[in-house]
Amino acid sequence: MSTDRGTLTQELLDLVADEGMVEVSEIAPEKRLEDLDIQSADFVMILMAIEEKYNVYISVDNELSDVETVQDLLNLVIGKIEQEQAAQA
Amino acid sequence: MTKVVITGMGAVSACGIGAEALMQATQIGQSGVRGVLFSEIENQRVMTAAALEPGIKEQINTDLGHRMREPVANYALVAAREAVAQAGLGPEDFGDRCAVSIGSGFGGAQTVNTNYIKFGAEGSMRLDPMAVPKIMNNAAASWVSMEFGATGPAYCLATACSSASQSIGLGYHLVRSGAVDRCLAGGAEACLEGGVFRVWELLRVMTADKNRPFSKDRNGMTLGEGAGVFVLESEESARARGAEILCELTGYGTNSDAGDLLRPNPMRAAACMSLALEDAGLEPSDIGYVNAHGTGTVANDVNEVIALREVFGETLQGVEVSSTKPVHGHALGAAGALELVVCIGALREQSAPPTINFNEIDPKIGLDPVSNCARPLTTRAVMSNSLAFGGINATLILKSHG
């Protein structure tokens, strides 16, 4: 598992593209998830893959309710992953 | 029109055996949520549920053990026996004039889980030959009918989190229409099994923290289990038997969103509450307390508060609202029955049970529920909401009798 933010960001963008069934070239941090047609059913797929790969549980709830853009999602997920890594260390 | 009254109630929940235990726990805000660990789940994320106390669970399943019965039917039987005993029903009170209407979301979850593991993971062909009658969703309703010789119509509504409220509503319609004199109505759920728990984890609507309905820091629900059963009967038949009447079941509304399977529509929930009020012949101002569906998920809480404001007015003045799910958990197909027991407690004690674990008003919804401590009420009518996946809404209204 990488702790490098740049690598982590790229890994997450790939993961969002894969699980959200969007072309990775279409994904950019400032894009709104809604505009990428990523819906709640895609969210649970993305979050399942994040749990498998990074060992973090994120509920589709308050934490996610303010997420609008790809960057918002990255911030939330990276924060959780770093929290998990700190706890493991 | 025939009045429908409640003359008996029974419950099994994380708060213990008995309706009294559930009413007490919700009034004082003592949570039945405890640690749960499923050996089949690798890296379990959510570590709590409102599970029955392990000793009580074992006791029930030993005492009621039967090779064709599993926990979900056992819970229903325990609750039904309590309700029937309280109502003072004798053998002559059942027969064709007594219906049974007991819903369940998952049916025989334990049997599904253990047999799939044997079949799929262990490759065994030696499965439980009685798996089918244990798994079928109507098993609880049928066991209750057999226990008492209730040979009238038997129903099992499987409408997820609205199963119990709709089952009670159906029983209410049967009695009110004169089709039967009485009905044993409620819901049962025994869903705390590894496989079921894991798919709830994957839907990500459960919190890994505490369940905090309406609170700014809420982050999902906590699963529960149990059963609640009521004796509903016509006022005439209750009077004729000289039975003690606990309260009147005076209004029922149900509708569907016909929109999204998971995302609720507040206008439909509001319409559902209005239907129940109209059915009861009551005004919103007559309702002193609402036991909200209040799961503690963002989808439910935002939706339900918009709906409540639509019905009771923007400020919700004069009506106390709380969710007691942090105490008894979200018991899915049993939820509406457990919560109707809680509502009878609120009416009887004239005290609105609190939403425990509440920390801070969420500016997004602005609801200040009855938080952490019970509040006194002066009311003759209370409401209970169930808003299910599948867009199925159900509202019940109780009124003091006499």
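Guide: Two residues are in contact if their C-beta atoms, placed from the backbone, lie within 7 Å. This is a predicted model, where local features need pLDDT of at least 70, side-chain atom pairs count only at pLDDT 80 or more, and totals for chains, interfaces and linings use all residues. Residues are numbered from 1 along each chain as its sequence is written, while chains are lettered from A and ligands numbered from 1 in the order in which they are written.

Visitor: How many residues of domain 1 of chain B are in contact with domain 2 of chain B?
Guide: On the domain 1 side, 60 residues are in contact with 55 residues of domain 2 of chain B. Five elements of domain 1 each give two or more residues to this side: β1 (4-13), α1 (19-28), α7 (163-176), β7 (182-189) and β8 (226-234) of chain B. Helices here are DSSP runs of H or I with at least four residues, strands are runs of E with at least two, and both are numbered from the N terminus. α7(B) gives the most, with seven residues.

Visitor: What classes make up the domain 1 side of chain B that touches domain 2 of chain B?
Guide: That side has 27 nonpolar, 26 polar and seven charged residues. Ala, Val, Leu, Ile, Met, Phe, Trp, Tyr, Cys and Pro count as nonpolar, Asp, Glu, Lys and Arg as charged, and the others, Gly among them, as polar.

Visitor: Which residues does B:V341 touch?
Guide: Leaving out residues up to four places away in sequence, B:V341 touches B:M9, B:A11, B:A19, B:L22, B:M23 and B:G228.

Visitor: What makes β8(B) mostly covered?
Guide: Nine of its nine residues are buried. Buried means 20 or more other C-beta atoms within 10 Å of the residue's own; exposed means 12 or fewer, and partly exposed is in between. On one side of β8(B) are B:G226, B:G228, B:F230, B:L232 and B:S234, and on the other B:A227, B:V229, B:V231 and B:E233.

Visitor: How do you know that β1(B) and β8(B) pair?
Guide: Two strands pair if DSSP finds at least two bridges between them. Eight bridges join β1(B) to β8(B), and the two run antiparallel. B:M9 stands opposite B:F230 there. Eight bridges also join β7(B) to β8(B), again antiparallel. In that pairing, B:L184 has B:V231 as its partner.

Visitor: Which way do β5(B) and β7(B) run?
Guide: They run parallel, joined by six bridges. B:V100 has B:L184 as its partner in β7(B). Two bridges join β5(B) to strand β6 (residues 154-155), also in parallel. In β6(B), B:A154 is opposite B:V100.

Visitor: What makes β5(B) mostly covered?
Guide: Strand β5 (residues 98-103) has six buried residues out of six. B:C98, B:V100 and B:I102 point one way; B:A99, B:S101 and B:G103 point the other.

Visitor: Why is B:R81 called partly exposed?
Guide: It has 17 C-beta neighbours inside 10 Å, so B:R81 counts as partly exposed. B:R81 lies in helix α3 (residues 71-87) of chain B.

Visitor: How do you know whether chain A is compact or extended?
Guide: A compact globule of 89 residues would have a radius of gyration near 12 Å, and chain A has 12 Å, which agrees. The radius is taken over C-alpha atoms; the globule rule is 2.2 Å times the number of residues to the power 0.38. Chain A has four helices and zero strands. Buried residues make up 22% of its 89 residues.
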